[in-house]
Amino acid sequence: MTGNTAAEGETGNSDRLVQSWRANAKRWSSAVSEGKIASRKDATDAAIVSTVLRHQPKSILDLGCGEGWLCRALQPHVTHRVGIDASPELVEAARSGGGANFIELSYEALLANPTVAGIAFDSIVANFSLLDEKADKLIAALPVVVQPGGRLIIQTVHPLSTGEVYRTGWRTEQFKDFGSEDWVPMPWFFRTLENWISILGPAWKLEKLEEPRMAAGELPVSMIMTATKGGP
Ligand SMILES: C[S@@+](CC[C@H](N)C(=O)[O-])C[C@H]1O[C@@H](n2cnc3c(N)ncnc32)[C@H](O)[C@@H]1O
């Protein structure tokens, strides 16, 4: 995912973000299932699976699960899998691929009722799916759905990989590297490393930071933050 020009104005960015995933659902599903995204194929898919499995979770909640590939990859190892996503089109694709209980649910609805998708998960995982400015509020509300010692694992764009001004704020992804002209641009909220770490606390305590890179790459393509539930 690359950052491009700053999105105009902030009003409505959250809505346009969700709408873009509805509009891009088919293109996204084929990009993922056909392995068209080099950084995923070469680095980030394996990296998130390995990070999640390192903790041997029995139950996971996949936030913004998209077409469901991660739950399917974890299926042989993780007994209980729930995926949520705001895009009915992507949830339908996820259900047809199987591998988890996939629920059409927005982060806004989850924030209003954090236990609606279940409780006592060992891990929550968000793979390139916390793209909104309001992700800080969701992160703060999530400890209630994991068990004591439970984890939040976030893979996101590496703060150094977008080649733009290093400042937290809205940007627009044009999907220019995705090989088709038809993608609907997506507003997304870029965060510096300082910002990511500040929004994890005090609800979560950063335990490990990883920087996956492609075999021939000089810069990391993503970062994975693993945080444990702070307090009781
Ligand atoms: C880059 S895709 C990643 C999908 C999946 N995690 C993967 O690794 O392929 C971002 C996902 O976040 C979901 N998403 C974005 N904003 C959301 C919101 N407010 N509530 C629920 N899902 C949201 C989108 O629908 C989309 O499926």
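## Around the ligand

Sorted by class, the ligand's shell holds 11 nonpolar, 6 polar and 3 charged residues. Here Ala, Val, Leu, Ile, Met, Phe, Trp, Tyr, Cys and Pro count as nonpolar, Asp, Glu, Lys and Arg as charged, and the others, Gly among them, as polar. This is a predicted model, where local features need pLDDT of at least 70 and side-chain atom pairs count only at pLDDT 80 or more, while totals for chains, interfaces and linings use all residues. Residues are numbered from 1 along each chain as its sequence is written, and side-chain values use heavy atoms, with hydrogens and water left out.

In total, 20 residues surround the ligand, and the closest are Arg40, Gly64, Asp85, Tyr107 and Asn127 (near means a heavy atom within 4 Å). Helix 1 (13-23) and helix 6 (107-112) each give at least two residues to this shell (helices are DSSP runs of H or I, at least four residues, and strands are runs of E, at least two, numbered from the N terminus).

## Contacts and cover

For Gly64, a backbone N or O atom lies 2.7 Å from a ligand nitrogen. On its own the ligand exposes 590 Å², and the protein buries 99% of that (Shrake-Rupley areas, 1.4 Å probe).

## A salt bridge across the chain

The count comes to 5 salt bridges (a side-chain nitrogen of Lys or Arg within 4 Å of a carboxyl oxygen of Asp or Glu). One of them joins Glu210 to Arg54, with the closest N and O atoms 2.6 Å apart. Because Glu210 is in strand 8 (residues 204-210) and Arg54 in helix 3 (residues 38-54), the pair ties together parts 156 residues apart in sequence.

Terms used: A polar contact is a pair of N or O atoms within 3.5 Å; within protein, one must be able to donate a hydrogen and the other to accept it, and residues adjacent in sequence count only if both atoms are side-chain atoms.
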